[in-house]
Amino acid sequence: MPSWRKSCGRIGQVITVPDMKLNILKSVFGYASFRPLQEACIQSILDKQDTLLIMPTGGGKSICYQVPALILPGLTVVVSPLISLMKDQVSQLKGLGVEAEVLNSSLSWGEYDANKARISSGITKLLFCAPETLFKPEMLELLSSCRVECITIDEAHCISEWGHDFRPEYRRLKDLRKQFPRAVFLAVTATATKQVRQDIIANLGLNAPREFIASFNRDNLFYEVVPKTRPTDQTLAFLERFKGQSGIIYCFSRKQVDSLAKELNAFGYKALPYHAGLSDLDREQNQELFIRDDVPIMVATIAFGMGIHKPNVRFVIHFDLPKNIESYYQETGRAGRDGIPSTCLLLFSPADGAKIRYFIDQKTDVTQKKMALHHLNAITSYAQSRTCRRVPLITYFGEPYAIENCGLCDNCVNPPEATIDLHKEAVKFLQCMSETDERFGAMHVINVLRGSESEKVQSYNHQSCATFASGHDWSIKQWQDLVQQLLQHNLLAKEEEYGVLKLNRLSYEILSGKRKFQGYALPKETPAVKFTKSSVVQSLEYDNALFAKLRAKRKELADRDGIPPYIIFSDKSLIDMCQRRPRTKAEFARVYGVGEQKLQKFGDLFLRLINS
Ligand code: ADP
Ligand code: ZN
């Protein structure tokens with residue numbers, strides 16, 4: 001029996017032991033210290049204060065209910081929306097020697113009864129179940145006979161219609177208050193918008209909750225955007241540097257998913273497709289092969305990802321433009337859950353924006369349409385920004401972000417060249433807008449400036465404008481780039497619906513010469529496959545040959561038990577072994593993620609490998 005359980009055997013006393021939390025973190029989970037907010041959140045639960053915890057993916061939310069569950073004398077119930085996720089967490093916890101069980105419809109009668117027996121006997125510390133299971137009469141009866149200490153609502157944003165995965169069953173959870181008056185409520189989610197937060201508090205009936213909101217900056221993710229020219233070649237060139245590593249490639253359409261997956265395989269990269277057009281069985285199989293490190297690359301539509309807790313995803317590529325900043329944040333957020341540096345690449349072409357635009361135009365609901373356009377503009381402006389990529393991502397969630405150079409995005413690592421005087425061109429553009437009565441989008445103004453003889457230009461008699469053909473020495477691309485810069489500096493306005501450009505107060509300051517415009521020269525044509533140097537996984541120093549050996553052993557053990565390799569050890573633990581090269585069991589115990597159970601179970605085996 002792990003030593004922590006001996007010390008928390010008796011009811012009530014343990015909570016006052018100051019080092020209890022840290023002891024459990026070390027001895028069970030094998031971590032040296034708490035991450036920001038974890039300890040305070042755990043304390044809040046031990047104090048029986050309702051708590052709302054908002055933390056990005058990979059932030060370490062699970063520890064926040066797992067540690068108190070091991071300290072509190074009774075049972076912690078974890079409500080979770082997905083069976084696959086629950087199973088994963090239970091096998092992870094069992095691997096740590098923690099008494100955790102799941103109750104759901106996928107279990108056989110025998111298993112179900114055995115689990116029930118363990119729960120009512122008081123052995124089980126953590127019980128995972130879906131809300132619909134929870135409300136079954138026999139389930140409520142079972143729980144009424146237990147000492148329910150804490151009810152954790154995982155993925156709590158599911159309670160909100162503002163969130164992305166609304167689940168009506170979540171609305172009933174409030175009723176549990178009456179059933180289990182002594183249980184403290186903990187709601188956890190990675191969705192941070194204020195509306196969702198308020199919805200969670202109201203719909204769960206949280207009682208004067210303490211709120212913990214972590215920073216949404218994922219500081220191990222490298223963000224990069226590359227102009228999309230030859231996307232397949234660009235993807236292949238990128239993958240070249242991630243040989244054998246796991247990653248997800250998101251595409252817009254099912255067709256694109258299938259063809260890209262095929263192409264990657266033809267080039268020797270093991271990749272599988274995932275989209276809603278595949279049978280349930282195929283989807284499940286492909287996901288399983290990915291999770292178990294049998295196939296490193298998943299090419300997928302956005303149907304893939306929810307409920308995937310694979311920690312060693314080293315890259316996420318967006319082959320096509322995501323539909324908004326929030327989705328982009330969520331999708332890229334699946335990289336680097338284990339905290340190891342990982343890369344997020346977006347291949348951007350304005351044509352993709354136009355494609356999404358086409359779909360938006362089909363919408364009939366005016367409010368929805370407006371919203372979608374607003375989102376599209378935000379994501380295109382993210383892609384075209386020349387400043388730190390983290391600013392639009394993080395401020396989107398209402399969090400201030402003031403770091404000047406993050407050092408972990410293409411723009412910060414490779415700042416664009418110095419600005420140059422583009423005042424003359426800016427004035428020319430704004431003047432042309434004014435001459436065409438601020439009634440057109442950028443393309444028409446550019447056509448007039450470049451002296452186009454198009455029908456549209458003639459039909460409005462715009463060849464008679466003073467600015468007509470005055471900008472023929474610049475390409476369409478150069479003018480488009482200038483427009484983008486003017487928009488980013490708020491030097492002109494764009495109506496979202498039809499993209500009509502309007503002059504604003506600052507435009508007039510430019511026109512009158514009161515304000516000067518400095519901008520970036522149009523970047524030279526980007527070669528098809530050029531990436532920022534540091535987008536290659538910032539090389540951690542460790543012995544690759546040893547890592548490969550440890551990884552093979554981990555895979556062998558995982559396959560034997562039919563579980564994903566990360567349940568045995570995370571990549572981070574293996575890397576730590578390579579760096580520390582422990583010689584004794586005492587040294588092995590200090591490896592990241594090695595608690596008492598892992599030490600006992602795998603210590604000798606891995607020590608032998610390391611020292612051979
Ligand atoms: P979330 O649920 O917030 O996405 P997890 O709870 O899965 O994140 O934690 C992400 C990773 O960080 C896991 O591998 C977890 O074991 C690890 N982790 C959590 N807390 C700590 C800590 N205090 N020290 C080291 N690693 C931690
Ligand atoms: Zn940056």
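Tutor: Axes are lines fitted to C-alpha atoms, for helices over the stretch in contact, and angles run from 0 to 180 degrees between N-to-C directions. Helices (H or I, at least four residues) and strands (E, at least two) are DSSP runs, numbered from the N terminus. This is a predicted model, where local features need pLDDT of at least 70, side-chain atom pairs count only at pLDDT 80 or more, and totals for chains, interfaces and linings use all residues. Residues are numbered from 1 along each chain as its sequence is written, and side-chain values use heavy atoms, with hydrogens and water left out.

Student: OK. At what angle do helix H2 and helix H4 pack?

Tutor: About 105°, with the axes 10 Å apart. H2 covers residues 20-29 and H4 covers residues 61-71. Angles of 65 to 115 degrees count as roughly perpendicular, so H2 and H4 are roughly perpendicular to each other.

Student: Which residues in H2 and H4 meet?

Tutor: From H2, Met 20, Lys 21, Ile 24, Leu 25, Val 28 and Phe 29. They meet Ile 63, Gln 66, Val 67, Leu 70 and Ile 71 in H4. Contact means heavy atoms within 4.5 Å.

Student: How many are nonpolar, polar and charged?

Tutor: The contact of H2 with H4 has 9 nonpolar, 1 polar and 1 charged. Here Ala, Val, Leu, Ile, Met, Phe, Trp, Tyr, Cys and Pro count as nonpolar, Asp, Glu, Lys and Arg as charged, and the others, Gly among them, as polar.

Student: Switching to the sheet. What's the strand order?

Tutor: S3-S4-S2-S5-S6-S1-S7, an open sheet of 7 strands with parallel pairing. Two strands pair if DSSP finds at least two bridges between them. S3 (100-102) and S7 (210-213) are the edge strands, each pairing on one side only. Neighbouring strands are turned by 15° against each other on average, direction ignored.

Student: Which helix packs on it?

Tutor: Helix H8 (residues 137-144) does, touching S2, S4 and S5. Its direction makes about 165° with that of S4.

Student: And how is S1 joined to S6?

Tutor: By 4 bridges, running parallel. Leu 53 stands opposite Val 188 in S6, and Thr 51 has Leu 186 as its bridge partner there. S1 is also joined to S7 by 4 bridges, again parallel. On that side, Leu 52 stands opposite Glu 211.

Student: Are the S1 side chains buried or exposed?

Tutor: Thr 51 and Leu 53 point one way, Leu 52 and Ile 54 the other, and all are buried, meaning under 20% relative accessible area with a 1.4 Å probe, protein chains only.

Technical notes:
Chains lettered and ligands numbered in written order. Parallel < 35°, antiparallel > 145°, perpendicular 65-115°, else oblique. Buried < 20%, exposed > 50% of the residue type's maximum accessible area, 1.4 Å probe, protein only.
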